[in-house]
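Biologist: I'm new to this one. Could you show me how to read it?

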Amino acid sequence: MDKVNDGGTEHVPPPHTLEKSIALVGLMGAGKTTIGRRLAKRLGVDFVDADAEIEKAAGCSIKDIFECYGEAAFREGERRVICRLMAGPPQVVATGGGAFMDPETRRRVKESGVSVWLKADIKTLVARVGKRDTRPLLAKGDPESILRDLAEKRNPFYAEADIHVESRDGPHDAVVDAVIEALQNRQAA
Ligand code: S3P
């Protein structure tokens, strides 16, 4: 991927050069949606949030899906939605924090996409998730201990992602830059 400079803002080339979708994975609060949206803009491709797609398909919020149908039903819908998105044109896909734990979802992402693990320390995650109360898993107790527990269980799976990037506090563009650089290095390798 060549860099094109137009007055200070760095862009990677137009959409057709993105061969595979980019799937952002990582814990709740890692910045998958925030970074994903900006990354897509920089790459000139569409951004899609898997959680929003699941809500659209179900006609209700994730909180309600968990409450009315249970987590297993949510995971089933999540798998279906992500497999559909990965089969579509190259775009940036923000996955929900638990999606990459599912073997079929992981297989599809690996097969037809490039996975990026957005990593953040627990304190950062806790501060970020505190801003919203839309996440049913965090409503069950102390968010910090829940996130610690999830990190322990999930990190080995996230570690299977093609690219690992620190999602530090500070300008979002710095994280986007790091993802783009890692994508370029990967392509050059
Ligand atoms: C979940 C993360 C959420 C959402 C659901 C379950 C999880 O997405 O999919 O509440 O299992 O970690 P975000 O990671 O976008 O918050």
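Modeller: Let's begin with pockets: on a 1 Å grid over the protein atoms alone, a pocket is an open set of points with protein on both sides within 12 Å along at least five of seven lines. Here, the space taken by the ligand is the largest pocket. Bear in mind that this is a predicted model, where local features need pLDDT of at least 70, side-chain atom pairs count only at pLDDT 80 or more, and totals for chains, interfaces and linings use all residues. Residues are numbered from 1 along each chain as its sequence is written, and side-chain values use heavy atoms, leaving out hydrogens and water.

Biologist: Which residues come nearest to the ligand?

Modeller: A residue is near a molecule if one of its heavy atoms lies within 4 Å of it. There are 13 residues around the ligand, and Lys32, Asp51, Arg75, Arg135 and Arg154 come nearest.

Biologist: And which polar side-chain atoms lie 2.7 Å from a ligand oxygen?

Modeller: A polar contact is a pair of N or O atoms within 3.5 Å. Lys32 places a polar side-chain atom 2.7 Å from an oxygen atom of the ligand, and Arg154 has one at 2.7 Å from a ligand oxygen too. Gly98 uses a backbone N or O atom, 3.4 Å from an oxygen atom of the ligand.

Biologist: How many disulfides does a search of the whole structure find?

Modeller: A disulfide is a pair of cysteine sulfur atoms within 2.5 Å. The search finds zero. The sulfur of Cys68 is 6.2 Å from the closest cysteine sulfur, in Cys60, so the two are too far apart for a bond.

Technical notes:
A polar contact is a pair of N or O atoms within 3.5 Å; within protein, one must be able to donate a hydrogen and the other to accept it, and residues adjacent in sequence count only if both atoms are side-chain atoms. On a 1 Å grid over the protein atoms alone, a cavity is a set of points where a 1.4 Å probe fits but cannot get out, and a pocket is an open set with protein on both sides within 12 Å along at least five of seven lines; lining residues have an atom within 4 Å of a point. A molecule sits in a cavity or pocket if more than half of its atoms lie within 2 Å of its grid points.
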